[in-house]
Amino acid sequence: MDCLFCKIVSGDIPSTKVYEDDMVLAFRDIAPQAPVHVLVIPKIHIDSAQDVTFENSDYVKRIFEVIPKIADSEGLENGYRVITNIGHDGAQSVHHMHFHILGGKAMLERMA
């Protein structure tokens with residue numbers, strides 16, 4: 001498989017890790033859109049949130065268990081945004097499900 005994030009999980013491509021356990025990896029985005037911009041991914045390949053199933057949903061559950069821990073460790077006490085993009089029209093650039101944690105400044109209300 002030629003998946004960028006699978007290569008990051010395997011260690012073939014380096015990343016700046018923020019969090020890691022047996023199911024989840026979180027690392028800093030290389031083109032941050034906010035002072036804090038962390039990507040949180042499952043360690044198995046799931047194309048997008050559209051492809052979550054009963055069989056792989058524990059990975060999504062785990063991601064949402066660790067997002068608050070990551071936000072706390074990054075000092076996001078005033079709030080933050082969590083985003084996932086799905087497919088072409090949703091502007092998904094890497095086809096491995098991932099969630100963006102954005103914070104460190106007040107976010108604009110408008111997202112489109």
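The chain exposes about 6,800 Å² of accessible area, of which carbon and sulfur atoms supply 52%; such areas come from the Shrake-Rupley method with a 1.4 Å probe, and for residues only the protein chains shown count as cover. This is a predicted model, in which local features need pLDDT of at least 70, side-chain atom pairs count only at pLDDT 80 or more, and totals for chains, interfaces and linings use all residues. Residues are numbered from 1 along each chain as its sequence is written, and side-chain values use heavy atoms, with hydrogens and water left out.

**Overall form**

- The chain comprises 2 helices and 5 strands, where helices (H or I, at least four residues) and strands (E, at least two) are DSSP runs numbered from the N terminus.
- Read from the N terminus, the order of the elements is α-β-β-β-α-β-β.
- Along the principal axes, the C-alpha atoms fill a box of roughly 35 × 30 × 25 Å.
- Of the 112 residues, 38% count as buried; buried means under 20% relative accessible area, exposed over 50%, and partly exposed in between (1.4 Å probe, protein chains only).
- Among contacts (heavy atoms within 4.5 Å) with a separation of 6 or more, 55% involve residues 24 or more positions apart.

**Nonpolar cores**

- A nonpolar core is a set of buried Ala, Val, Leu, Ile, Met, Phe, Trp, Tyr and Cys residues joined through side-chain atoms within 4.5 Å.
- The largest core has 18 residues, and V38, V40, I63, I70 and I101 have the most contacts inside it.
- Two or more residues of this core come from each of β2 (24–28), β3 (36–42), α2 (57–73) and β5 (99–103), with α2 giving the largest share, 7 residues.
- Apart from residues up to four places away in sequence, I70 touches V18, Y19, A26, V38, V40 and I101.
- A second, separate core of 8 residues includes F5, I8, F27 and I41.

**Salt bridges**

- The count comes to 7 salt bridges, each defined as a side-chain nitrogen of Lys or Arg within 4 Å of a carboxyl oxygen of Asp or Glu.
- D2 pairs with K7, their closest N and O atoms being 2.7 Å apart; D2 is exposed at 68% relative accessibility, whereas K7 is partly exposed at 28%.
- E74 and R28 meet in a salt bridge (3.0 Å, N to O). E74 lies in the loop between α2 and β4 and R28 in strand β2, so the pair ties together parts that are 46 residues apart in sequence.
- Salt bridges that share partners join D21, K61, R62 and E65 into one network.

- F64, Y80 and V82 form a nonpolar surface patch with about 250 Å² of accessible area together. Patches are made of residues with over 30% relative accessible area and no salt bridge, with like charges joined within 9 Å and nonpolar side chains (Val, Leu, Ile, Met, Phe, Trp, Tyr) within 5 Å.
- V82 belongs to strand β4 (residues 80–83) and is partly exposed, with a relative accessible area of 32%.
- M107, in the segment after β5, is partly exposed at 26% relative accessibility.
- M107 and Y80 are 27 residues apart in sequence and 7.8 Å apart in space, C-alpha to C-alpha.
- Leaving aside neighbours within four places in sequence, M107 is in contact with A34, R81 and L102.
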